[in-house]
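Hi,

Here is the structure I promised to pass on to you.

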Amino acid sequence: MKAQVCLIDASKCIGCRACQAACKQWNQLPAVKTEFTGSYENPPQYSCSTWTKVVFREYNENGRIQWLMSKQGCMHCTDAACKLACPTGAIYHTDEGTVAIDRIKCIGCNYCAAACPFQVVGFDRVTNRAEKCTFCHDRLVNGLQPACSAACPTGSLVFGEEREIISKAQARVERLKYKGNNNARIYGLDEVDGTAMLYVLADKPEKYGLPADPQVPLGTRIWSAIYGPLRILVVIAVGFGIWANLTKNKELDKAKEEAQEEKE
Amino acid sequence: MTNHWIDYQHSDVIMAIGGNTAENHPISMKWIEKARDEKDAKLITVDPRFNRTAAVSDLYVPLRPGTNTAYLGGLVKYILDNELYHKEYVEHYTNGTYLIEEGFDFNEIEGVFSGIEDDPIRNAKKYDRTTWQYQRDENGEIKIDPTMEDPNCVLQLMRRHYEKYSIENISKITGCPEDVLEESYELFSTTGKAGKAGNILYAMGITQFTHGAQNVRSIAVVQLLLGNMGLAGGGVNAQRGQSNVQGATDMAILYHIIPGYMSTPQQATHPTLNDYNELETPPSGWWTNKPKYLVSLLKAFYGENATPGNEFGYQWMPKLDGRDHSHIAMYKDMSEGKVEGMICWADNPAVSGPTAGAKREYSSKLKWLVSVDLFENETASFWKREAGANPEEIDTEVFILPAAASYEREGNKANSGRWIQWQWKAQEAPGDCKSDLWIVNELFKKLQQLYREEGGTVPEQITKMHWDYDGPNGEVDIVKVCREINGYNVKDGSLVNNFLDLKYDGSTACGNWLYSGYYNNLEKPPTKRRIREKEGIGSHLEWSFAWPLNRRVVYNRASADPSGKPWNPDVPQVWWDEAEGRWKTNDVPDFNVNIPPRESAKIPFIMLPEGQGRLFSAFVNDGPFPTHYEPADSPVSNFLYPEATYNPISQRFYEDHVVETEEEKERYPYVLTTYRVVEHYQSGIMTRNMPWLIEMMPELFVEIDEELAAELGIKNGDKVAIESKRLYANGDQKSIEAKACVTKRLTPLMINGQKKHIVGMPFHWGYMGKSTGAVANDLTPSVGDPNTTIPEFKASLCNIRRVG
Ligand code: SF4
Ligand code: SF4
């Protein structure tokens, strides 16, 4: 299904956060008010205004210092927990293999955010809406690569044809192993049946703050199996909710515009 | 840079020392990663902090701030002891074989060279350099010993000078474990072999010390010993941190040079043009052309008013009075009420200058202050309550001229690799914001009018100036500026091809000889070229224009052996084709291709009169061999030279300014280094008005190691106070506040058996803009290097305590 994917080679990431800024710029997401709490990582949470961020982790094991950085956000899973969890069918796979949220169908129930094994769906309690990385679907269908990978200066983010990217990733892992990184691996090839964001990690996923073995929660799967066929009914049942949410969507857009104006 | 960014792909070992390249020059990593991917290149980071570059390095070398010369001196000794230097290169291309005067000596107790004497005017020492000269025979030829065994030859003197720089001693000084030192020395020395290229990258972590110039010299010495100069993947590569700081330096933003790196005339020694030419023109080397460049510059300055009869207007040129007029000295003058007004152009010293708090105070002695910036910055607001001042007590009149950002104007910019690239305007500037060029044009025209009408002191300096840059509609015609920088023939205004066309007789005008050729064609100016190289070694000769003469790697004659065979045939810069009897090139040759290879091999470093690289240089104010001096604010005394002070030649501007006594060392026990983060830019006035960047780096912080944090009861995110001697007066200790960043990336270092903690602070914050914070530079001392007076931002002492 996935024709094109994005490599996130964490072993080449310098944490410059050009990707993080590019995402906000392309998608016109407002800045979040933050505080310095002890790490370079900020904002602390994913939200409707923050779809991706660079995660910083530091270690000092027996004098060997490691400062691991990696761009994180929606993985665009094949076996997407959020899609299974969504009661209205608002979450779907696009023809390009990315996972998208239909704003109109989203009722803000927050099930997707709760089910996501990577915990990267932003949920805004005020506007009652779920949002996340779109893989820059609007750019993709216009022949452009995602804004984040276009901004990356080091070759940590590389967008391309799936097979090419996989072999690039495999070669890189071999190199990292040769250099002594015994825990180097590809992450996202087998996990949740494959993800459109494919990592090369120089160490174990946990050390980057990624789940070791991401799974669709069992509850979500059961829920989906039972209620899945009834989704259409759910849609009707929550019709009112959709209408209500539409109004909220407008409010959110307005809030964003205001934030933008303030910035200007 | 002697090389350029794209050239990094050819390096075998890259040492980032005193330069956090991933953080401050992210694009460099593209080429470094390429080198690592394709040729298994290794990256070494030498830095007090495990920084973002260290995070992706093969080897991290920690060291105490201010001990780079010791570290590099240790590398020199390692190279010499293990005979790892590139012998043929050193013999043919450096002054390693030259004999130095018998009287040359070094005092191991005081850490000073022969010729030391008092300099009461500068409240420091200075050198009489008689004993530092080359020995010459009766014909004036330099005496050499090709075997390099004569005890007075440079290589032997060097062995002696660095005898004490053993790994054991260097470990005690720097705090770096011996095995890590050795590993890094061994790895970098592998580039001494023919066919291998070692690249040293640096930035302010090398230069911003009271011994900054010597740090740079150390790098040059290492690179000459290993034969890494002139070749692809090698070089001494200063990475510039602002988009056009290279261009600013080329254009002589510094007081001691005039455009194109010629010295500013001194009234005492250069009263006439002839005096200047006699004193400043060496007997051999490329600088023998200097008089042509100076006269062409004078013609650009004064136009038709410059004639052979009036020394081409040389008398109108401002001349120096022998004193230092750099940043620290200028502010000292200001503190004494000697400065009436100041134009602060794209500069924010109230945040970015050393001892910034005092600078803000001195500003109130100005009658007027003009600030040209994108936003209202701290310097322009020194009088406000936000700055801690009382506006009622300040009489200074402040003007703010809103400037256009770089994307809102067109013009050329020089990058670190000396590429003078045209930048097109991306959008109009908002409101009344104007380009710098427009502002300077209007300002000068007004000044000229006033001087014409009202006169003044030496009005000719202004009234005789050739100033004709107006374009249509009240705009500046930038092409007129480019023409003048490029140079033209006075007779018909036609553009000169390059600096080889410049003349001494006043028939050519040129604003900067080094740039000559960058705009030698009105239709297709080289600076606007954008053609990528299809095959080759990445020189991209048809992409923009690199000074000088579009040369991408300078001194490239040294990339081939004396017969013309490249040291590394895989990526040759130039090579002699025996069959065809001519040179072939991948770059613009830095030598005369019309003389036989063995002849050009005698002068690969064409800018120097002796034509060969200087392992020993009598032209540095503080000594011919780089020598370890402690920073002015140091937690320990000099381990190598027991009676040495900090750099003895460095001017002592203020009394009781740096930490001296044991009691003070206890009061300020931690070594502070300041730095930049990628999310903010310089004094922060641009980026602290940008919400997306503020979101990522919202507040001033201070990095502290876990052990020190535990000792002081400081937790991550706590508010802490930082104190230094600069904030101490009459028994009253002031402090600045920041958030604590307790990190595993810093570890205490063992300095000669004593544990010392290093703390680090970015300096981007101030009291204006959307994100405000204390000014880290309130802590740093106003001391500087004796060659450049660049301030010592990178190493000082402080105390830290928890607040509340
Ligand atoms: S793919 Fe687009 S939406 Fe997703 S993180 Fe990158 S820039 Fe943001
Ligand atoms: S732009 Fe690239 S190198 Fe920079 S933080 Fe993002 S992924 Fe890492």
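This is a predicted model: local features need pLDDT of at least 70, side-chain atom pairs count only at pLDDT 80 or more; totals for chains, interfaces and linings use all residues.

**The interface of chain B and chain A**

Let me start where the two chains meet. On the chain B side, 41 residues are in contact with 40 residues of chain A. About 3,400 Å² is buried between these two chains, and carbon and sulfur atoms give 58% of that area. Three residues stand out here: B:W692, B:E695 and B:M696 supply 24% of the area that chain B buries against chain A, more than any other three residues.

The rule finds seven salt bridges between chain B and chain A. One of the pairs is B:D37 with A:K12, a salt bridge whose closest N and O atoms are 2.7 Å apart.

Which elements of chain B each supply at least two residues of the side that touches chain A? They are the helices α2 (28-39), α3 (52-55) and α22 (691-696), together with the strands β23 (701-705) and β27 (736-743). By class, that side of chain B has 20 nonpolar, 16 charged and five polar residues.

**Salt bridges within the chains**

Over all chains, the count of salt bridges comes to 67.

In chain A, A:K53 forms a salt bridge with A:E41, with 3.0 Å between the closest N and O atoms. A:K53 sits in strand β2 (residues 52-61) and A:E41 in the loop between α1 and β2, 12 residues apart. Are these two buried or exposed? Both A:K53 and A:E41 are buried.

In chain B, the side chains of B:E703 and B:R49 meet in a salt bridge at 2.9 Å, N to O. This pair links distant parts of the chain, 654 residues apart: B:E703 belongs to strand β23, while B:R49 is in the loop between β2 (42-46) and α3. Both residues, B:E703 and B:R49, are buried.

The other chain B pair is B:R64 with B:E630, a salt bridge with its closest N and O atoms 2.8 Å apart. B:R64 lies in the loop between β3 (59-61) and α4 (68-81), and B:E630 in the loop between α20 (597-600) and α21 (662-667), so the pair ties together parts that are 566 residues apart in sequence. Here too, B:R64 and B:E630 are buried.

Chain B also has a network: salt bridges that share partners join B:D321, B:R323, B:K332, B:D333, B:E336 and B:K338.

**The ligands**

Around ligand 1 you will find A:C23, A:N27, A:W51, A:T52, A:K71, A:C133, A:T134, A:F135, A:C136, A:P146, A:A147 and A:C148. The elements giving two or more residues to this shell are α1 (18-27) and α5 (147-151) of chain A. Sorted by class, the shell around ligand 1 has eight nonpolar, three polar and one charged residues.

Ligand 2 has 13 residues around it, of which A:C13, A:C16, A:R17, A:C19 and A:C152 come nearest. Its shell divides into nine nonpolar, three polar and one charged.

Happy to talk any of this through.

Best wishes

Note on methods
Residues are numbered from 1 along each chain as its sequence is written. Chains are lettered from A and ligands numbered from 1 in the order in which they are written. Side-chain values use heavy atoms; hydrogens and water are left out. A residue is near a molecule or strand if one of its heavy atoms lies within 4 Å of it. Helices (H or I, at least four residues) and strands (E, at least two) are DSSP runs, numbered from the N terminus. Ala, Val, Leu, Ile, Met, Phe, Trp, Tyr, Cys and Pro count as nonpolar, Asp, Glu, Lys and Arg as charged, and the others, Gly among them, as polar. Contact means heavy atoms within 4.5 Å. Buried area is the accessible area (1.4 Å probe) that two parts lose on being put together, summed over both. A salt bridge is a side-chain nitrogen of Lys or Arg within 4 Å of a carboxyl oxygen of Asp or Glu. Buried means under 20% relative accessible area, exposed over 50%, partly exposed in between (1.4 Å probe, protein chains only).
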